[in-house]
Amino acid sequence: MKNTLKITFILVMLLITSCGSDKDTIRISTLEGLQAAKQLAMTSFGADLEVYRLEFYSKEDLNSDLGSITIKYLKDGKLFSRRYTTKTNYAEATLEDEKLLNDAFQKKNHIKNAQGKLKISDLDVDAIFSNVNKGVVLIEEEMEIDNYQVREYYVEVDTKTNKISSDFEIHVTEPNNETIEGRNIVTNFYEVEFKVDENGELTIKG
């Protein structure tokens with residue numbers, strides 16, 4: 001790796017299991033999938049709900065299939081969260097009731113830092129998709145990529161300006177990344193974390 005990019009890749013071993021495809025699967029590595037994830041968030045939580053943080057998670061490592069959406073918001077001077085979890089082979093999709101964050105997050109400083117407001121309907125998925133693509137380009141400058149998946153993407157709203165910053169994580173594999181150990185196919189992959197500041201400047205964390 002070039003030192004100028006200051007990339008820290010974490011080598012992880014993963015056992016791959018095959019699973020069937022689902023025409024309703026939402027993939028947060030694609031623009032269409034992000035649009036569908038936004039629509040799901042609006043349907044589940046309310047298009048006009050104002051949040052200070054929204055989080056997309058995939059179902060598992062090396063997978064961009066949407067696993068859950070979590071929102072955090074301020075209501076009546078208290079901080080709440082709510083989560084939607086997508087359907088799995090073992091459980092139906094669930095929309096949890098809102099939960100009051102624990103007392104550690106109800107202190108004056110936390111509430112002060114959670115004043116940013118973004119309507120879920122105003123979430124800019126084009127910007128999210130653009131950031132993911134920029135991240136992939138940075139990785140490709142340093143290594144040959146066989147495949148990439150978006151593991152998680154967080155959006156946070158600034159307390160004073162309502163400008164958006166983001167953190168996200170991409171999992172990537174190189175060509176010839178699989179080995180066979182007994183009956184298992186083992187895949188080596190890298191976790192790469194990114195930060196996007198309020199001005200849209202993207203950097204690799206670490």
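User: How many helices and strands does the chain have?
Analyst: The chain has three helices and 13 strands. Helices (H or I, at least four residues) and strands (E, at least two) are DSSP runs, numbered from the N terminus. This is a predicted model, where local features need pLDDT of at least 70 and side-chain atom pairs count only at pLDDT 80 or more, while totals for chains, interfaces and linings use all residues. Residues are numbered from 1 along each chain as its sequence is written, and side-chain values use heavy atoms, with hydrogens and water left out.

User: What is the average pLDDT of the chain?
Analyst: The average is 88, and 88% of the residues score at least 70; pLDDT is the predictor's confidence in each residue, from 0 to 100. Over residues 1-9, though, pLDDT is below 50, and that stretch has 20 contacts in the model beyond near neighbours in sequence. A contact means heavy atoms within 4.5 Å.

User: Where else does pLDDT stay under 50?
Analyst: Residues 15-21 also stay under 50, and the model has six contacts for them beyond four places in sequence. Where pLDDT is low, the predicted coordinates should not be read in detail.

User: OK, and what share of the chain is buried?
Analyst: Of the 206 residues, 41% count as buried. Buried means under 20% relative accessible area, exposed over 50%, and partly exposed in between (1.4 Å probe, protein chains only). As for contacts between residues at least 6 apart in sequence, 59% join residues at least 24 apart.

User: Let's switch to Arg53. Is Arg53 buried or exposed?
Analyst: Arg53 is buried, because its relative accessible area is 15%. This residue lies in strand E3 (residues 53-58).

User: And what does the Arg53 side chain make a polar contact with?
Analyst: The partner is the side chain of Glu55, at 2.4 Å. A polar contact is a pair of N or O atoms within 3.5 Å; within protein, one must be able to donate a hydrogen and the other to accept it, and residues adjacent in sequence count only if both atoms are side-chain atoms. Not counting residues up to four places away in sequence, Arg53 touches Thr70, Ile71, Lys72, Tyr154, Val155 and Glu156.

User: Which residues have a positive phi without being a glycine?
Analyst: Leu62, at about 55 degrees, is one of them, and Asn162, at about 65 degrees, is another. Most residues other than glycine have a negative phi.

User: Where do they lie?
Analyst: Leu62 is in the loop between E3 and strand E4 (66-75), and Asn162 is in the loop between E9 and E10. Leu62 is buried at 18% relative accessibility, whereas Asn162 is partly exposed at 39%.

User: What about Thr85, which strand is it in?
Analyst: Thr85 lies in strand E5 (residues 78-85). Leaving aside neighbours within four places in sequence, Thr85 is in contact with Gly67, Ser68, Ala93 and Thr94.

User: Last topic: which residues lie nearest the centre of the second largest pocket?
Analyst: Those are Asp124, Ala127, Asn131, Ile164 and Ser166, out of 15 lining residues. On a 1 Å grid over the protein atoms alone, a pocket is an open set of points where a 1.4 Å probe fits, with protein on both sides within 12 Å along at least five of seven lines; lining residues have an atom within 4 Å of a point.

User: Which element gives the most to the lining?
Analyst: H3 does, with three residues.
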